[in-house]
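Hello,

Here is the structure I promised to pass on to you. Have a look at it first, and then read on for what turned up.

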Amino acid sequence: MEFAELIRTPKLDGVQLYEQLKRESIDGTLCITGHHLILSTRREGARELWLLHQNVDIVERKPYINNNVLEGGTIILKCKDLRIIQLRINSPQEYFNVSNSIEQLSNLEEIKKLYPFFYIPMYNVIEDGHTEYSLESEFAKLLATDEWRLTGANADFRLCPSYGPRLIVPRGRCRADEAILNAVVEVGGKKGCIFDTWGKGKGSNTEIEPHYPQWRILSRPIGAGWSSVGALLDSFSKLMDACNDVGTSSDRWLGRLEGCGWLSYVLNAMNVSCVVAQCLALEGVPVVVHGGKGMDTPLIVTSVAQIILNPDCRTIKGLQALIEREWLQAGYPFSTRHKHSCYTPPNQRQKSSSATFLLFLDCVYQLFHQFPCSFEFDSRYLLMLFEHSYSSQYGTFLGDCERERKELKVRERTTSLWSHINRPQIIDTLLNPMYVPNVTVLWPSVAPLSIVLWADMYTRWVVDQSQATQSRARMQAIITEEKELEKKARRLRRELAELQREYQRLRLEEALLDDGELTDEDVEDDALDPD
């Protein structure tokens with residue numbers, strides 16, 4: 001089906017736009033294209049709306065009926081970036097046309113019709129982000145040892161369709177899972193640790209411990225009682241219901257915040273990640289992180305543990321590399337998990353939709369909150385990653401695995417998000433002005449009181465962020481001024497050192513003249529011939 005068949009009203013005047021935190025609505029012209037919803041007043045300096053259809057999570061209709069006669073209505077767009085936008089349309093027919101078009105265009109099933117395949121960047125791509133982080137470069141240190149090797153056994157994706165074409169495996173041939181794991185641990189050495197992040201109980205996938213005599217199996221569930229990966233999205237939905245309810249009392253709001261369980265999941269993920277990091281850094285034992293089929297929880301733990309241990313992962317490019325190797329190249333199904341977000345009711349969304357990647361980003365934010373000077377980036381970078389993982393003009397998060405991206409020719413037909421971010425004019429806007437490189441391991445507090453609500457993410461559309469923006473600008477100005485003063489101080493110190501040397505030279509010459517060892521003619525000759 002062509003886009004034109006889905007757009008019955010491509011242009012409509014007299015549409016009123018209502019946005020959260022905006023006291024006044026704007027009246028403008030609404031344009032619907034194959035990929036964007038655009039509302040403009042055509043007045044210079046006036047705010048406009050440019051919204052990707054892919055960003056719309058659900059379309060709600062609120063018809064306006066007067067004396068049993070439909071007189072148009074309000075279209076409520078609940079977006080995957082957590083915005084809620086309202087469009088007031090006075091014509092009944094146009095009201096239905098526009099709402100139906102947005103609903104259909106925001107639920108395109110064919111990935112090739114999404115905007116990244118049509119987007120043409122208006123800048124020269126200097127670094128191709130699609131090829132920036134290869135398996136060989138990311139695991140170079142591991143491959144340099146005698147214990148691990150690179151295999152192309154999955155080159156045709158027949159061995160495991162969701163894995164990449166090349167894999168890192170132990171040297172030697174081991175057919176059974178038990179043999180593979182036991183080969184990693186030296187006989188008679190310290191036992192390795194297998195962390196079960198789903199938890200024992202009904203439906204648990206934990207293997208029988210006697211099969212792994214050289215390993216300890218520890219139960220560290222992130223979400224107790226999860227029956228499916230969609231349980232995390234249910235929690236996220238309840239969290240956003242609470243955050244958007246600005247009229248409730250403090251006690252009720254705190255009760256809803258606790259009841260949604262989201263912060264408990266963040267705490268659990270942080271807790272097990274720290275224990276994994278402790279096993280690796282302090283005990284020196286190998287670790288395997290295990291989870292239920294399709295539960296995604298090991299991804300969160302292994303990724304957060306690496307950020308705790310590895311200072312490279314706390315840089316802008318380092319976090320890109322981590323997401324590439326642990327999420328994208330390892331087969332995290334972004335298109336499936338992000339098909340729906342928190343605003344789509346449970347009975348209308350796929351059970352495979354989830355908020356795993358957001359939970360990971362929230363854990364990164366918790367680390368940043370506790371160690372604000374140890375990250376090259378701040379929360380703006382994490383917000384950007386969240387938004388582009390759901391809706392983007394770039395192809396980085398398209399598809400469910402490397403096989404799908406190869407079939408779609410994502411590398412050839414789309415631009416990488418990393419190519420955009422790594423441009424100097426973009427990366428400079430994401431830098432943390434307080435950053436001081438820290439090569440040590442970060443040991444965060446995992447006490448319940450240490451976990452905070454990520455307000456920049458969850459309440460940014462309902463709580464005025466202007467004060468925070470002004471504070472960040474002021475902080476940036478202070479740090480910039482400090483750097484300029486440090487530069488000036490270094491220059492003055494150099495000038496002072498030069499004056500001190502000149503003073504000492506003159507004192508020496510004066511002393512020699514007094515002793516008769518140096519004549520006035522010698523001083524004049526030295527002045528004429530400094531060499």
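Before the details, one term: two residues are in contact when they have heavy atoms within 4.5 Å of each other. With that in hand, and leaving aside neighbours within four places in sequence, Thr459 is in contact with Cys243, Leu453 and Gln465.

Please keep in mind that this is a predicted model, in which local features need pLDDT of at least 70 and side-chain atom pairs count only at pLDDT 80 or more, while totals for chains, interfaces and linings use all residues. Residues are numbered from 1 along each chain as its sequence is written, and side-chain values use heavy atoms, with hydrogens and water left out.

Back to Thr459, which is found in the loop between α18 (455-458) and α19 (466-515). Helices (H or I, at least four residues) and strands (E, at least two) are DSSP runs, numbered from the N terminus. Thr459 has a relative accessible area of 10% and is therefore buried; buried means under 20%, exposed over 50%, and partly exposed in between, with a 1.4 Å probe and protein chains only. A polar atom of the Thr459 side chain lies 3.0 Å from the backbone oxygen of Ala455.

Next, the domains. The assignment gives domain 1 (4-108) and domain 2 (135-360 + 395-413 + 436-450), with bounds that come from an automatic or database domain assignment. Their C-alpha centres lie 38 Å apart, and the contact takes 11 residues from domain 1 and 12 residues from domain 2.

Now the interior. A nonpolar core here is a set of buried Ala, Val, Leu, Ile, Met, Phe, Trp, Tyr and Cys residues joined through side-chain atoms within 4.5 Å. The largest one has 91 residues, and those with the most contacts inside it are Phe236, Trp262, Ile323, Trp327, Phe360 and Tyr458. Helix α8 (residues 262-283) gives this core its largest share, 13 residues. Domain 1 and domain 2 each supply at least three residues to this core. A second, separate core of 26 residues includes Leu77, Ile85, Ile102 and Leu105. As for Phe236, its contacts beyond four places in sequence include Leu82, Trp262 and Tyr458.

Helix α10 (residues 316-328) has 13 residues and reaches 17 Å from its first C-alpha to its last, close to the 18 Å expected at 1.5 Å a residue; the expected span is 1.5 Å times one less than the number of residues. Because 12 of the 13 residues of α10 are buried, this helix is largely enclosed by the rest of the structure. Among the buried ones are Ile323, Glu326 and Trp327. Leu299, in helix α9 (residues 297-309), is in contact with Glu326, Trp327 and Tyr332, again setting aside neighbours within four places in sequence. Leu299 counts as buried because its relative accessibility is 17%.

Finally, the strands, which pair if DSSP finds at least two bridges between them. Strand β7 (residues 84-89) is mostly covered, with five of its six residues buried. Strand β1 (residues 11-19) runs antiparallel to β7 and is joined to it by four bridges, and Glu19 has Ile85 as its bridge partner in β7. Strand β6 (residues 69-79) is also antiparallel to β7, through six bridges; Ile75 has Leu87 as its partner there. The hairpin of β6 and β7 has four residues between the strands, and in it Leu82 takes a positive phi near 80 degrees.

Best wishes

Conventions. Polar contact = N/O pair within 3.5 Å; in protein donor to acceptor, adjacent residues only side chain to side chain.
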